[in-house]
Amino acid sequence: MDKKRMYSAAQPTGKITIGNYIGAISNWVKLQHEYDCFFAIADMHAITIKQDPQELRRRTLELAALYIACGLDPEVCALYVQSNVSAHAELAWVLNTLTYVGEMERMTQFKDKSRKHADNINMGLMDYPVLMAADILLYQAEYVPVGFDQKQHVEITRDIANRFNNRYGETFTVPTPLIMKSGAKIMSLQEPDKKMSKSDENINAWVSLLDDRDTIIRKFKRAVTDSDNCIRAGEDKPGITNLLTIYSVFRGCTVEEAEKEFAGKGYGDFKLAVGETVADALAPIQAEQARLLADKAYLNGVLASGAERAFKAARKTLSKVYRKVGFYRGE
Ligand code: TRP
């Protein structure tokens, strides 16, 4: 039986938090054998915010190494760099003509980023969701695992796909966002009613996949909680709930099991246990990433063959699209 196609991507913008790991990468690793997977490093999306070119290049390679270190098998899934496959930009152009300025202006992330980078509200920033739609639709992906913050972008992708199909005839698979239930949303350690974000100015609010052991333990020790000293999950206890979620994911147990394990214990012991568990889980990933980064020839080979696989799949869709919209191809 043919496997269903799955597509996802992440930007190489610096630090990857444990929130990204739980919400995205660890799920990709689990799903890679079940689906026919394409995973991209979205460098074209990254430049919608000012980037240092050297840094961007370095981070792209670091992210590729990190993915593999986390367990993505490049023999199983196609792992590639978005800008290495020109079809993304080409399809985005066509999709632009089916997307309305008004709906892009209303996108939550566009509004947030416009506020944050008021001196650089560029066309690319506004067009970001259309490029993302091109990413997904090029591969005829049925499923798109994403964090909750990207759900709106997958929904607009569905609208654009339907619009194209209605105007030009059945062409694109309409994708479904796959929002993971547990841990889809890991919260800030300092303000647990806010999402954990690597752009948070308070570095104690988030844990990077590459933080060292002491840093990780210190950040969990400082995590903001309530004061009733009872370790249970609940809407009235966002801080403890967040820690229980993080613990259960890295420990490989359920939140209920974690609650039982810590019944009667104090917050201090609990926070230390969460920190140690996360540090223990990340150590082998960090070591493997360092080993891979020392073998650039291997990484270059992986990305080249990933791009080739992606190109083959993308080219098929793009030629179909060009034919449907009436581009002359030398009949
Ligand atoms: N915008 C996504 C993010 O920042 C990354 C991304 C780019 C993506 N293209 C995609 C995710 C296609 C899923 C599918 O997280």
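Ala9 touches Trp28, Ala40 and Ala42, leaving aside residues up to four places away in sequence. Contact here means heavy atoms within 4.5 Å. Ala9 sits in strand β1, residues 5–10. Helices (H or I, at least four residues) and strands (E, at least two) are DSSP runs, numbered from the N terminus. With a relative accessibility of 29%, Ala9 is classed as partly exposed. The classes are buried under 20% relative accessible area, exposed over 50%, and partly exposed in between, with a 1.4 Å probe and protein chains only. Tyr80 is 71 residues away from Ala9 along the chain, and their C-alpha atoms are separated by 9.4 Å.

This is a predicted model: local features need pLDDT of at least 70, side-chain atom pairs count only at pLDDT 80 or more, and totals for chains, interfaces and linings use all residues. Residues are numbered from 1 along each chain as its sequence is written, and side-chain values use heavy atoms, with hydrogens and water left out.

**Domains and their interface**

Domain 1 covers 5–184 + 295–325, and domain 2 covers 203–290. These bounds come from an automatic or database domain assignment. The C-alpha centres of the two domains lie 30 Å apart.

Domain 1 puts 13 residues in contact with 15 residues of domain 2. About 1200 Å² is buried between the domains, and carbon and sulfur atoms give 80% of that area. Buried area is the accessible area (1.4 Å probe) that two parts lose on being put together, summed over both.

On the domain 1 side, α1 (18–31) and α3 (53–70) are the elements that give two or more residues. The most comes from α3, with 5 residues. By class, this side has 8 nonpolar, 3 polar and 2 charged residues. Nonpolar means Ala, Val, Leu, Ile, Met, Phe, Trp, Tyr, Cys and Pro; charged means Asp, Glu, Lys and Arg; the others, Gly among them, are polar.

Which salt bridges does the rule find across the interface? It finds 0 between domain 1 and domain 2. The rule asks for a side-chain nitrogen of Lys or Arg within 4 Å of a carboxyl oxygen of Asp or Glu.

Two residues belong here.

| Residue | Phi | Loop |
|---|---|---|
| Asn229 | about 55 degrees | between α9 (213–221) and α10 (238–251) |

Asn229 is partly exposed, at a relative accessible area of 44%.
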